[in-house]
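Please look through the sequence and the model below before reading on. The paragraphs that follow take up a few regions in turn.

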Amino acid sequence: MFIPDIEKRSPEEIKIYQEKRLRELLPYLQENSTFYRDHFKKNHINIGDIKTLEDLAGIPVTTKDDLQNRNDDFLCVGRNKIVDYVTTSGTLGEPVTFAMTDNDLERLAYNEYISFSCAGVTEEDTFQLMVTMDKRFMAGLAYYLGLRKLGAGIIRVGPGLQELQFESIKRYHPTGLVTVPSFIPKLIDYAEKNGIDYKNSGIKKAVCIGEPIRNNDFTLNTLGKKITDKWDIKLYSTYASTEMGTAFTECDAGRGGHHHPEMIIVEFLDENNNPVKEGEPGEVTITTLGVEAMPLLRFKTGDICYHHTEPCSCGRNTIRLGPVIGRKQQMLKFKGTTLFPPAIYDVLNEIECIENYVIEVYTNDLGTDEILVRAGCRDNAHVGKKTIKDHFRAKLRVAPEIEFYAPKDILKMQFPADNRKPITFIDKRKEKP
Ligand SMILES: [Zn+2]
């Protein structure tokens, strides 16, 4: 299994290494990025003064709104150097474009190569990709490039299509899956209904993207348990985003996603952009290393999580990120309790008869947050609102309002127009955090 040398070094050596890379990045931004040249000037930053990771705190953060409002000004190369265009949903509706050069694609391949290695994947493995490869997504492409660099086999099936997934598993005998974890119970359901012996299919592991599979103490959450109770496969969580162009993937220890110091500098900040201590939730704030077309400096991702610094049993000394507990903009103040939607999803996933759901939040007459869960239930399988509310109170101390619908009607709410991803959270609040 490949572990880059730097990841086994001491935290002090890793810090020195990152500071050297930071001092290379700043002149590159000054010279090539219109946005950062303006940013340094406006904030009276002399980049020569920024030498350590602590000095970095002197540079104001970059926000999603900056990226949206001045998208083109982030581009550091000419159009003729761009190989691939990726988009990500912006804060103001319009998509934000991320252009990538040939070197950026190579960096992306390396990132997934070391991430899959971290999850114990070798050239002996064959992975079935249950993710979108096109539609201007970065993720599917990144997994493909990384597995290819690793020398593993790849089967590009794409998302959904249970029948084709199993036909492909039967034909090519993959050893692993890359998928959103909530798709796995759907696969199991399909297999059970159609008499497919999924337990002896040869699948040993799944790299789980986009949704958490663990609680903050690293035990499996409801979704994680739901999968492994039925199917004895090993789950690895991975956390990534287009803006980072980097993944935090778990090793065999399953104790958070490992930071790769050669790819990215990561900070965890509070609401006032001060660093939080270990044991406190903080907003993941990143500075990309080695990105050519659209590097980012102190970019606030909006993702809130805990970080862990003690060395890992796998031999890596890098920081580990716990599951994303929520998005900053989705933070709810509900009946005196601070909540993030994933905690609500976790409770709903535990209730057998609920097939799908949409959560709607709005401002009530008192000016505080109110939560309505629209739940899609299988016919006659209702457990009743009271049971569900009791479940919520037991887990979260508070209970939202519940309304029942047919699953097909929820599906329509989840995919209005041509949405690429299902919508499970609708924010109708007057003021958002
Ligand atoms: Zn580890």
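A residue is called exposed here when its relative accessible area is over 50%, and buried when that area is under 20%, with partly exposed in between. The model to which these words are applied is a predicted one.

An α-helix has 3.6 residues a turn, so residues three or four places apart point the same way. Just after helix 7 comes His173, which takes a positive phi of about 50 degrees.

From a single helix we can turn to pairs of helices. Two packed helices are described by the angle between their axes and the distance between the axes. For helix 5 (residues 102-118) and helix 6 (residues 139-150), the axes come within 7 Å and cross at roughly 70 degrees. Angles of 65 to 115 degrees count as roughly perpendicular, and helix 5 and helix 6 are therefore roughly perpendicular to each other. The crossing in which helix 5 passes helix 6 is right-handed. Among the residues that make this contact are Leu105, Leu108, Tyr113 and Phe116 of helix 5, together with Leu141, Leu145 and Lys149 of helix 6. By type, the residues of the contact between helix 5 and helix 6 divide into 12 nonpolar, 2 polar and 3 charged.

A second pair is formed by helix 9 (residues 222-230) and helix 10 (residues 341-350), which pack at an angle of about 35 degrees with their axes 8 Å apart. Here Thr222, Leu223 and Lys226 of helix 9 meet Asp346, Asn349 and Glu350 of helix 10, and the residues of this contact comprise 1 nonpolar, 2 polar and 3 charged.

The last stop is Arg9, in the loop between helix 1 (5-8) and helix 2 (11-32). Arg9 counts as partly exposed, because its relative accessibility is 34%. Leaving aside residues up to four places away in sequence, Arg9 touches Ile14 and Asn317. Arg9 and Gly315 are 306 residues apart in sequence, yet their C-alpha atoms are 9.3 Å apart in space.

Technical notes. Residues are numbered from 1 along each chain as its sequence is written. This is a predicted model: local features need pLDDT of at least 70, side-chain atom pairs count only at pLDDT 80 or more; totals for chains, interfaces and linings use all residues. Side-chain values use heavy atoms; hydrogens and water are left out. Axes are lines fitted to C-alpha atoms, for helices over the stretch in contact, and angles run from 0 to 180 degrees between N-to-C directions. Helices (H or I, at least four residues) and strands (E, at least two) are DSSP runs, numbered from the N terminus. Angles under 35 degrees count as roughly parallel, over 145 as roughly antiparallel, 65 to 115 as roughly perpendicular and the rest as oblique. A crossing is left-handed if the near helix is turned anticlockwise from the far one by less than a right angle, and right-handed if clockwise. Contact means heavy atoms within 4.5 Å. Ala, Val, Leu, Ile, Met, Phe, Trp, Tyr, Cys and Pro count as nonpolar, Asp, Glu, Lys and Arg as charged, and the others, Gly among them, as polar. Buried means under 20% relative accessible area, exposed over 50%, partly exposed in between (1.4 Å probe, protein chains only).
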